[in-house]
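Reader: I'd like a close look at one part of this model, namely the charged side chains and who pairs with whom. Could you walk me through that, and then through the packing around it?

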Amino acid sequence: MNRRHFIQQSAGAGMGLMLGSQWALGGTGTAPSFPVVRTAANKRNFTSAAVEQTIERMKKTIQDPELAWLFENCFPNTLDTTVQYKNTNGKPDTFVITGDIDAMWLRDSTAQVWPYLPLIKNDEPLRQLVAGVIRRQALCIQRDPYANAFYDNPNKQGEWKNDRTDMKPGIHERKWELDSLCYPIRLAYHYWQTTNDTSPFDEDWSKAMRLVLQTCREQQRKDGRGPYHFSRETAWSTDTVPGDGYGNPIKPIGLIVSTFRPSDDATVFPFLVPSNWFAVVSLRQLATMTDKIRPDAAFAKDCRALADEVEAALKKYAIYNHPTFGKIYALEVDGYGNHLLQDDANVPNLLSLPYLGVCSASDPIYKNTRKFVLSTSNPYFFQGKAAEGIGSPHTLINNIWTMGLTMRAITSTDDAEILAQLRQLKKTHANTGFMHESFNEDDPTKFTRKWFAWANTLFGELVLKVAAERPQLLAKPL
């Protein structure tokens, strides 16, 4: 099943779930008891002792019973339901589906296991599972650096096999999204920083990283449009690409084209600013890893040179002087002076720049951008009876993404704002006990994607961050 079809099928499904699991009063009649919705222990795909210990600790820390229940369900959801771990040729190998779709996105698979990184030093099986994700991502990139999602079976062909692009067996979807090559570097770098283990960074990984650099250089499009093109027969305008499959025209200015956003929607102006910022961070991390793990001075120099070039171009072309907010980052530019002023809840986005290590939350341009993103000047910021937050063209209008609420809290430095997002997340899960992709601004029982592991794990990451940095916010019911 693909994301578009699932959106159509799951909208409105929440009411049935809500009726099927009404809240009940506890034995004293004073406290609610919550239905058991987490996968049964004997049916979980993977169990981590460190994760289970964290859940038990947090259930004691979080004084809001419903929030504690949500954490218990959401934080382990990736391990419970989406990972397939094995050894291949004596090495860890982990395939991670996104949830309701049986394919592995390079982006989602990194984000899904990311919150477990702090635990892997004290949990050897969990460390091996994450190492297996790194290895599998390297193999996926070698299969096709332009693809965004892959099957476990290298011979499988899916519903998009007739897309007008260089489709191959084993590829679920071949949408060129710059962030798909950044996320594996993010995971690899922080895995290495956490463990000092270099075993995943073998010749396969090295080949994949060279493809990353090559692909980014190709998509600067200094010497023509490059090898990638894409079109699809579809009723969704954002599921295909204008310009004969190459996207709207760009002027080569040093930035890297991203034909699609992390939402899997086509860009309007092909230079996607948050993804280019992400590439700056990732290329520098790759250069550092190269220096320390697999010394290659020329390759490391090339990575840093591209990062410097992209950063300079962003500072020159990606900033827009807004009449209300001052200097802000645009979401997309084209090198001709056009700017797309909005944000999208999918990460990387403008809101998430501090989370990705691009800048601090106190950076003046980021602060201005944040004010814009979280205002009605952003056409995809929605305010309804149930909540307010960022949405995405991927789910049309009037749908708020839980990921947007979570990221707003993660990047906030204000207690009141963080509490407000926790309260919104608590009251908009439609009594299911899990985070969804999006929900209607007025009615959270109308939601998309009841099984979206990234949103669940990211919520767990937020709660852990609050517990570590602002424990007083969890010391009483919300």
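Author: Lys-59 and Glu-56 join their side chains in a salt bridge, with 3.5 Å from N to O. Keep in mind that this is a predicted model. The two residues sit three apart in helix α3, so about one helical turn separates them. As a rule, an α-helix has 3.6 residues a turn, so residues three or four places apart point the same way. Lys-59 counts as partly exposed because its relative accessibility is 33%. Glu-56 gets the same label, partly exposed, because its value is 41%.

Lys-59 has a part in helix packing too. Helix α3 (residues 49–61) and helix α4 (residues 65–74) have axes that come within 9 Å and cross at roughly 170°. That angle is why α3 counts as roughly antiparallel to α4. On the α3 side, Thr-54, Ile-55, Met-58 and Lys-59 do the touching, and they meet Ala-68, Phe-71 and Glu-72 of α4.

Now for some buried charge. Glu-177 makes a salt bridge with Arg-107, and their closest N and O atoms are 2.9 Å apart. This pair ties together distant parts of the chain: Glu-177 is in the loop between β7 (171–173) and α8 (179–195), while Arg-107 is in helix α6, 70 residues apart. Glu-177 has 0% relative accessibility, so it counts as buried. Arg-107 also comes out at 0%, so it is buried as well.

Arg-107 has another partner. Asp-179 forms a salt bridge with Arg-107, again with 2.9 Å between the closest N and O atoms. Here the link runs from helix α8, where Asp-179 sits, to Arg-107 in helix α6, and the two are 72 residues apart. Asp-179 is at 0% relative accessibility, so put it down as buried.

Helix α6 (residues 106–113) packs with helix α7 (residues 124–143) at an angle of about 170°, their axes 11 Å apart. So α6 is roughly antiparallel to α7. From α6, the contact uses Leu-106, Ser-109, Thr-110 and Val-113; from α7, it uses Leu-129, Val-130, Val-133, Gln-137, Cys-140 and Ile-141.

Asp-343 is located in the loop between β12 (339–340) and α12 (364–373). What its side chain does have is a polar atom 3.1 Å from the backbone nitrogen of Leu-351. Leaving out residues up to four places away in sequence, Asp-343 touches Leu-331, Asn-349, Leu-350, Leu-351, Val-373, Asn-378, Tyr-380, Ile-390 and Gly-391.

Notes: Residues numbered from 1 in each chain as written. Predicted model: local features only at pLDDT ≥ 70, side-chain atom pairs only at ≥ 80, totals over all residues. Heavy atoms only, no water. Helix = DSSP H or I, 4+ residues; strand = E, 2+ residues; numbered from the N terminus. Polar contact = N/O pair within 3.5 Å; in protein donor to acceptor, adjacent residues only side chain to side chain. Contact = heavy atoms within 4.5 Å. Axes fitted to C-alpha atoms, helices over the stretch in contact; angles between N-to-C directions. Parallel < 35°, antiparallel > 145°, perpendicular 65-115°, else oblique. Salt bridge = Lys/Arg side-chain N within 4 Å of Asp/Glu carboxyl O. Buried < 20%, exposed > 50% of the residue type's maximum accessible area, 1.4 Å probe, protein only.
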